[in-house]
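Here is a short note for a colleague opening this entry for the first time. Please keep the structure in view while reading the points below.

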Amino acid sequence: MEEWCKTMPKVELHAHLNGSIRVSTLLELAKALNETQKGAINFSQMEHVIMKYDLSLIEVFQFFDLIHNVITDHNIVTRITKEVIEDFASDNVVYLELRTTPKRNDSIGMSKRSYVDAVIKGLRSVSSVDVDFIPKTGDSKSLTNDKCNGNSRKRIIVRLILSIDRRETTEAAMETVKLALEMRHLGVVGIDLSGNPKTGEWTTYLPALKFAQEQGLNVTLHCGEIRNPKEIKNMLEFHPQRIGHACFFEDEHWRKMKSTKIPVEICLTSNIRTFSVSSIEDHHFDYLYKTKYPLVLCTDDTCVFNTSLSKEYKYAADSFGLGRWEMFELSRNAVEYIFADNGVKNYLRKYFNSVSKNME
Ligand code: 6MZ
């Protein structure tokens, strides 16, 4: 079944760049840093955390700090991006929205802008598959040169979402939104609010998030990853274009969701391994799926949770009794919730239609 899930075309809408770093690359970079700068990294802590199965949210965020410590220059950002794209493409992800937090680090001459430039350089440097990340003007006709039309080269469409970390200031968040607006022609399609949900107040970012929406950027929020009914209520009233997780929703929140139909990015393994949902049988995927609520299966952080999008589909199939056709339909429906323009949406609809006969 996992092999079949791998061959099925998939859409990934919730993947954090640094959380999806290749494990081998992470270890290689950590080792090298350990040798050149003794004490710069706690190597044994990193090995321990990589091997650990269940991780509390606190440990997950310590893990991110360890990963961020090995990103010591722009070239590493470029390399990681290139590899992450290759990995998603080899898992047959045909459309990927990759999110990352633009980072400023004066000690290495990195600005938020130069960080995102390094990410884009990574997109450009992939050679094993065709990476389509520059939005085209016009309609889906410009997107027809692909595998299903006779070209044997594999292709992945990639768009970027810039994340705001809950540790940042209002000003830093606004800088990220302005950067996203400046980089729309390079495939930036939205803004995400993420980071440790126990940190800060989301209202710190409200001016930046409102500005993003006013300027036509899509917004997705990590919402309900921990119990915080007031924050969930206020976030839903803000009406983001999508939300991630939705683990600690109460009846009142689901009622609101039913009327707004905000699509939910579901990350099964992440939610189970961080104890945000107590068991897979209790996961809200079941309820949402049965009520035909707009949802999309995603990985969150393939490195941290040792997963892939194929594995997430297999997990759903095994846990909730989905057959091949149901999985294909789930994957195809995700196209409706992407942030890219209608040209891309139409192209993907046609693409999924063209392969549907092989998927039963
Ligand atoms: C909240 C998360 C997350 O941005 O450096 N991130 N935020 N909840 C999660 N669920 C487990 N997983 C990842 O990628 C890593 C960053 O993404 C956010 C965190 O801010 C983390 O530092 P980038 O590429």
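1. Start with T101. One of its polar side-chain atoms lies 2.5 Å from an oxygen atom of the ligand. Keep in mind throughout that this is a predicted model.

2. Two further polar pairs deserve a look. In N18, a polar side-chain atom is 2.8 Å from an oxygen atom of the ligand. On the side of D300, an N or O atom of the side chain is 3.1 Å from a nitrogen atom of the ligand. How much of the ligand's accessible area does the protein cover? The answer is 100% of the 510 Å² that the ligand has on its own.

3. Next, the site itself. The ligand sits in the largest pocket. That pocket has a volume of about 680 Å³. Its lining counts 38 residues, and H68, T101, K103, D165 and R167 are the closest to its centre.

4. Where does the lining of the largest pocket come from? Helix α4 supplies the largest share, seven residues. Both α4 and β2 (93-100) supply at least two residues each. By class, this lining has 17 polar, 11 nonpolar and 10 charged residues.

5. The lining consists of 17 residues, with D87, T302, C303, T307 and S308 nearest the centre. Two or more residues of this lining come from each of α5 (74-90) and α13 (309-320).

6. Which element gives the largest share of its lining? Helix α5 does, with four residues. The lining divides into six nonpolar, six polar and five charged residues.

Terms used
Residues numbered from 1 in each chain as written. Predicted model: local features only at pLDDT ≥ 70, side-chain atom pairs only at ≥ 80, totals over all residues. Heavy atoms only, no water. Polar contact = N/O pair within 3.5 Å; in protein donor to acceptor, adjacent residues only side chain to side chain. Areas by Shrake-Rupley, 256 points an atom, 1.4 Å probe, with all protein chains shown as cover. 1 Å grid on protein atoms, 1.4 Å probe; cavity = no way out; pocket = protein on both sides within 12 Å on 5 of 7 lines; lining within 4 Å. Sits in = over half its atoms within 2 Å of the grid points. Points joined across faces, edges and corners; volume = space filled by probe spheres on them. Nonpolar A, V, L, I, M, F, W, Y, C, P; charged D, E, K, R; others polar.
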